Amino acid sequence: MTLQQLIQLLKQAERPEQIETYRTQITQLIPEVSIMFEYDQNNRYHQYDLWTHTLMTVCDLPNDLDDVVYLAALLHDIGKVESRCRGNRENDRQSHYYGHPQVSARIVKQQIIPRLLQSDSTMDDQMVHDLVWLVEHHDDALPSECSRVKRIREKIGGRLFQMWMELQIADARAHVILPKVLNRIVICEKWLAYTD
């Protein structure tokens with residue numbers, strides 16, 4: 001499987017099973033994804049194992065976005081296993097993943113991208129930049145003030161901002177829809193629809 005074939009698979013998939021069928025081929029291209037298979041997240045915000053959550057995120061994306069967002073969705077939580085820790089409260093038995101977006105971005109930047117670049121020339125500098133940025137910021141909370149969001153949008157550009165909102169929404173929908181998650185979806189949908 002080539003990177004372009006993987007992206008087309010991710011883009012066209014409507015259900016996780018359609019991607020799961022190609023698990024072996026995906027692992028040959030990106031061996032790091034195997035750490036997510038059947039990984040119990042042990043967290044009240046997650047009803048799925050890490051791999052299923054990832055595939056649900058990919059499948060929730062619209063199929064007409066830039067290629068890079070599908071790859072970002074596949075890799076956005078790849079650093080969770082490494083960043084797993086216990087909560088600060090004494091009786092908290094759940095797992096937490098503080099800083100996992102930064103760990104995921106590091107793995108993507110230092111391990112995955114170099115290998116993909118050696119085997120595939122379809123990743124240009126813009127795609128590399130956007131992939132790392134989306135993975136690193138996929139879980140960022142948006143400010144509520146319109147002026148601050150507008151500044152972020154101006155800084156990163158409308159195209160990347162749109163992909164970021166789509167990724168945030170798809171990621172959130174692959175969680176248990178608790179009030180905090182629902183709020184994230186509502187805010188991101190608001191800013192996705194915003195035009196000035």
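Guide: This is a predicted model. Start with H5 and H8: Val68, Val69, Leu71, Ala72 and Leu75 in H5 meet Met127, Asp130, Leu131, Leu134 and Val135 in H8. By class, that contact of H5 with H8 has nine nonpolar residues, no polar ones and one charged.

Visitor: What makes Asp130 in H8 part of this contact with H5?

Guide: Contact requires heavy atoms within 4.5 Å. Asp130 of H8 is listed among the residues that meet H5.

Visitor: What is the angle between H8 and H10?

Guide: The axes of H8 and H10 cross at roughly 40° and come within 10 Å. H8 is therefore oblique to H10. This crossing, too, is right-handed.

Visitor: Which residues meet where H8 packs on H10?

Guide: From H8 come Gln126, His129, Asp130, Trp133, Leu134 and His137; from H10 come Arg159, Leu160, Met163, Trp164, Leu167 and Gln168. The contact of H8 with H10 counts six nonpolar, four polar and two charged residues.

Visitor: How do you know that H10 is mostly covered?

Guide: Buried means under 20% relative accessible area. Twelve of the 16 residues in H10 are buried. Among them are Leu160, Phe161, Trp164, Glu166 and Asp171.

Visitor: Which helices do the buried residues of H10 pack against?

Guide: They pack against H4, H5, H8, H9 and H11.

Visitor: How does the reach of H10 compare with what is expected?

Guide: H10 covers residues 158–173 and reaches 23 Å from its first C-alpha to its last. At 1.5 Å a residue, 22 Å is expected, so the reach is close to that value.

Visitor: Why is Pro143 called buried?

Guide: Pro143 lies in the loop between H8 and H9. Its relative accessibility is 12%. The cut-off for buried is under 20%, so Pro143 counts as buried.

Visitor: What is Pro143 in contact with, leaving aside its neighbours within four places in sequence?

Guide: Pro143 is in contact with Arg148, Val149, Ile152 and Trp191. Pro143 and Ile187 are 44 residues apart in sequence, and their C-alpha atoms are 9.2 Å apart in space.

Definitions and conventions: Residues are numbered from 1 along each chain as its sequence is written. This is a predicted model: local features need pLDDT of at least 70, side-chain atom pairs count only at pLDDT 80 or more; totals for chains, interfaces and linings use all residues. Side-chain values use heavy atoms; hydrogens and water are left out. Helices (H or I, at least four residues) and strands (E, at least two) are DSSP runs, numbered from the N terminus. Buried means under 20% relative accessible area, exposed over 50%, partly exposed in between (1.4 Å probe, protein chains only). Ala, Val, Leu, Ile, Met, Phe, Trp, Tyr, Cys and Pro count as nonpolar, Asp, Glu, Lys and Arg as charged, and the others, Gly among them, as polar. Axes are lines fitted to C-alpha atoms, for helices over the stretch in contact, and angles run from 0 to 180 degrees between N-to-C directions. Angles under 35 degrees count as roughly parallel, over 145 as roughly antiparallel, 65 to 115 as roughly perpendicular and the rest as oblique. A crossing is left-handed if the near helix is turned anticlockwise from the far one by less than a right angle, and right-handed if clockwise.
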